[in-house]
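Please open the model in a viewer and keep the selection panel at hand.

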Amino acid sequence: MNEFFERALMRYNIKDVKDKQNAIYEIMQQVVLAGLHRGGFFDRAAFYGGTCLRLFHQLPRFSEDMDFSLLAPDEHFLFENYFQPIIDEFDSLGRKVEIKKKDKKTFGRVDSAFLKDNTDVYNVAFQTEKTVKVKIEVDTQPPLKFRTEQKALTLPYTFMVRCFQLSDLFAGKMHALAFRNWKTRVKGRDWYDFEWYVRWRVPLDFEHLQERTREFNGIEMTREDFMAILKERLSTTNIEDVKRDVRRFMINPHELDIWSNDYFLQLADMIVFK
C-alpha cells in the first residue's frame, strides 16, 4: 500500500482480511472510473451492474466486476484506447498497474450475466500484486432502450460518471437473475440486489428488459411470461447455495437469516413495473 490507499482505507470499517481485500478492490474500481473519465470514455459509454449500484446508490454489499455498455453499437470500438488514462491515474497515485485483455475461451458464461462474442473482458492488476485485480467487461453491441444519468464520485477526486438509471439497472439485474446460466455456481449477488431494488420500490423498466431478452435470448415475452420464468427460478434454486455465494461480499451477514425460497417469491409479487 501507499499513502493514498492507506488514507482511502480509513473510510471503511475493516474488521478482517476479507473486509480489507474488498475495500482495496473498491478503491481500485474508483480509480479506474477516474481514469476513464479523464480519457473521455463516458462520452461513448455508461456504467451499470452491481458495482455501479454499490458506488452510486449505497448498495450494502461489495462487488467485484465493472460492467460498461456503449451508448450505441460499434463493432470497431477499442477499449485499449483507454488503457493509458487508467494507467496514468494509478501512476499519479503511486501505484503501477497493467491491463490485459482476457481470453474468453478460458471461462464460461457463468463468469458473466451473458458473455457475448462482442463483449470484451479485461483485467486491471497491480504490477507487484497480480492477484489483486479488477475485471472489466465492455459490451460493444449492447441492448438499447436504456436511459442514463450523470452521477458524482469523490475519490480519488470529484468527477462525473455516466450511469444507467436505476430502473434500467433493475432491468439488467432481473434479466441476469431469471436467465443466467448458473451451471454449478449460483450467483447469490443477483438475489441480494433483487431484494434491494424491491425494498426501495425501484420500478422495473420492462421495455429495456424486453430488449435484453431479445438480444441475449432471442425471445419475446410479456410481463406474465417473465413473472412465470422468474418464479420458477426463485422457487427451485437451492437457497443455501445462494447464501454461500453472496456471504463473502456482505457487510452484515445477518441480513441472510430471513432468506428462503418463499421469501423471494413474496418479493417477486412486490415488483412494480414501469
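Select strand β4, residues 119-126, in this predicted model. Both of its faces are covered: Thr-119, Val-121, Asn-123 and Ala-125 are buried on one side, and Asp-120, Tyr-122, Val-124 and Phe-126 are buried on the other. Eight of the eight residues of β4 are thus buried, where buried means under 20% relative accessible area with a 1.4 Å probe, protein chains only (over 50% is exposed, and in between is partly exposed). Strands here are DSSP runs of E with at least two residues, and helices are runs of H or I with at least four, both numbered from the N terminus.

Strand β3, residues 97-101, runs antiparallel to β4 and is joined to it by five bridges; two strands pair if DSSP finds at least two bridges between them. Within this pairing, Lys-100 has Asn-123 of β4 as its bridge partner. Strand β5, residues 133-139, is also antiparallel to β4, with seven bridges between them. Here Tyr-122 is partnered by Ile-136 of β5.

Now move to residues 107-117, over which pLDDT stays under 50; pLDDT is the predictor's confidence in each residue, from 0 to 100. The model has 33 contacts beyond four places in sequence for this segment, a contact being heavy atoms within 4.5 Å. Where pLDDT is low, the predicted coordinates should not be read in detail. For the protein chain, the mean pLDDT is 90, and 93% of residues reach 70 or more.

Select Cys-52 and Cys-163 next. The whole structure has zero disulfides. Cys-52 is buried at 0% relative accessibility, and Cys-163 is buried at 1%.

Finally, display the whole chain. The protein chain has ten helices and seven strands. Its radius of gyration is 18 Å, close to the 19 Å that the globule rule gives for 274 residues, so the chain is as compact as a globular protein of that length; the radius is taken over C-alpha atoms, and the rule is 2.2 Å times the number of residues to the power 0.38. Buried residues make up 55% of the 274.

Residues are numbered from 1 along each chain as its sequence is written, and side-chain values use heavy atoms, without hydrogens and water. Local features need pLDDT of at least 70 and side-chain atom pairs count only at 80 or more, while totals for chains, interfaces and linings use all residues.

Technical notes. Disulfide = S-S within 2.5 Å.
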